[in-house]
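Please look through the structure below before reading on. The report that follows takes up a ligand, a helix and a loop residue in turn.

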Amino acid sequence: MPMNEEYSLPYNLFLIGFMGSGKSSVAAYLHRKYEMPLFEMDETIAEREGMSIPELFETMGEEYFRAAETALLIELQSNQNTVVSCGGGVPMRACNVEAMKRNGKVILLTASPETILTRVSGNDNRPLLKGRKNVAGIQALMEQRRPCYEAAADLTIATDGKKVEEICREIFQRLQGTPAD
Ligand SMILES: Nc1ncnc2c1ncn2[C@@H]1O[C@H](COP(=O)(O)OP(=O)(O)O)[C@@H](O)[C@H]1O
Ligand SMILES: O=C(O)C1=C[C@@H](OP(=O)(O)O)[C@@H](O)[C@H](O)C1
Ligand SMILES: [Mg+2]
């Protein structure tokens, strides 16, 4: 069933935000509900490299992972009407932000450190949270990254206390209020 006009976008949606802000969940919902092709960056990189993200950090190092993120974003920029779930570190590189903005809108998902801690406590697949799985540790990294996140964002959506479905509705409402230039 083709996308109806209301939700067929002439650009890509890039979801950015801290670990646990809900990028993967919101992207998966947008993919299912509005039939937008989905690119989950972590998954794509892990598949191509034949190992998990933690293993990649362990064996090849973070810089290798960051280069893989940039290469993938450059590949994705020629698409249209896709939703890309970015890893939380993507906006820290200016070249990544340029690639996203070339043909996309950047949606920043935010949540309080307390909310993030609740959401990430369930698994250990985020190497950068090792040793900082507490409110203070999350807050410190979040504050360090905030300027890059905010500079990259076309729209910012607070996610605390909202269901994924509500967040997706808010994204489209806010986009419709924004010229699709
Ligand atoms: N709006 C939300 N409300 C409650 N839990 C959420 C919400 N968004 C995501 N989660 C949960 O938080 C965890 C991290 O979500 P995820 O989508 O993987 O975040 P990210 O991709 O930004 O790291 C998952 O267990 C997910 O089910
Ligand atoms: O914030 C980061 O630097 C990272 C976030 C992770 O993705 P999520 O934000 O989906 O957890 C993943 O890309 C990697 O562990 C690095
Ligand atoms: Mg994710």
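## Around ligand 2

A polar backbone atom of G88 lies 3.0 Å from an oxygen atom of ligand 2, in what is a predicted model. Side chains take part as well: an N or O atom in the side chain of R66 is 2.7 Å from an oxygen atom of ligand 2, and for the side chain of R145 the corresponding distance to an oxygen atom of ligand 2 is 2.6 Å. Taken alone, ligand 2 exposes 380 Å², and the protein buries 96% of that area.

There are 14 residues around ligand 2, and those that come nearest are K23, D42, R66, R126 and R145.

## Helix α8

Helix α8 spans residues 164–176, which makes 13 residues, and the distance from its first C-alpha to its last is 19 Å, close to the 18 Å expected at 1.5 Å a residue.

Its buried residues are I167, C168, I171, F172 and L175. Because these residues cover an arc of only 135° around the axis, they are on the same side of α8. The elements that cover the buried residues of α8 include the strands β1 (12–17), β4 (104–110) and β5 (155–158), together with the helix α1 (23–34).

## Q77 in its loop

Q77 belongs to the loop between α4 (62–76) and β3 (83–85). Is Q77 buried or exposed? Its relative accessible area is 16%, and since buried means under 20%, Q77 counts as buried. If neighbours within four places in sequence are left aside, Q77 is in contact with N12, A99, R102 and N103.

Notes
Residues are numbered from 1 along each chain as its sequence is written. Chains are lettered from A and ligands numbered from 1 in the order in which they are written. This is a predicted model: local features need pLDDT of at least 70, side-chain atom pairs count only at pLDDT 80 or more; totals for chains, interfaces and linings use all residues. Side-chain values use heavy atoms; hydrogens and water are left out. Helices (H or I, at least four residues) and strands (E, at least two) are DSSP runs, numbered from the N terminus. The expected span of a helix is 1.5 Å times one less than its number of residues. Buried means under 20% relative accessible area, exposed over 50%, partly exposed in between (1.4 Å probe, protein chains only). The arc is that of the directions from the helix axis to the C-beta atoms. Contact means heavy atoms within 4.5 Å. A residue is near a molecule or strand if one of its heavy atoms lies within 4 Å of it. A polar contact is a pair of N or O atoms within 3.5 Å; within protein, one must be able to donate a hydrogen and the other to accept it, and residues adjacent in sequence count only if both atoms are side-chain atoms. Accessible areas come from the Shrake-Rupley method with a 1.4 Å probe; for residues, only the protein chains shown count as cover.
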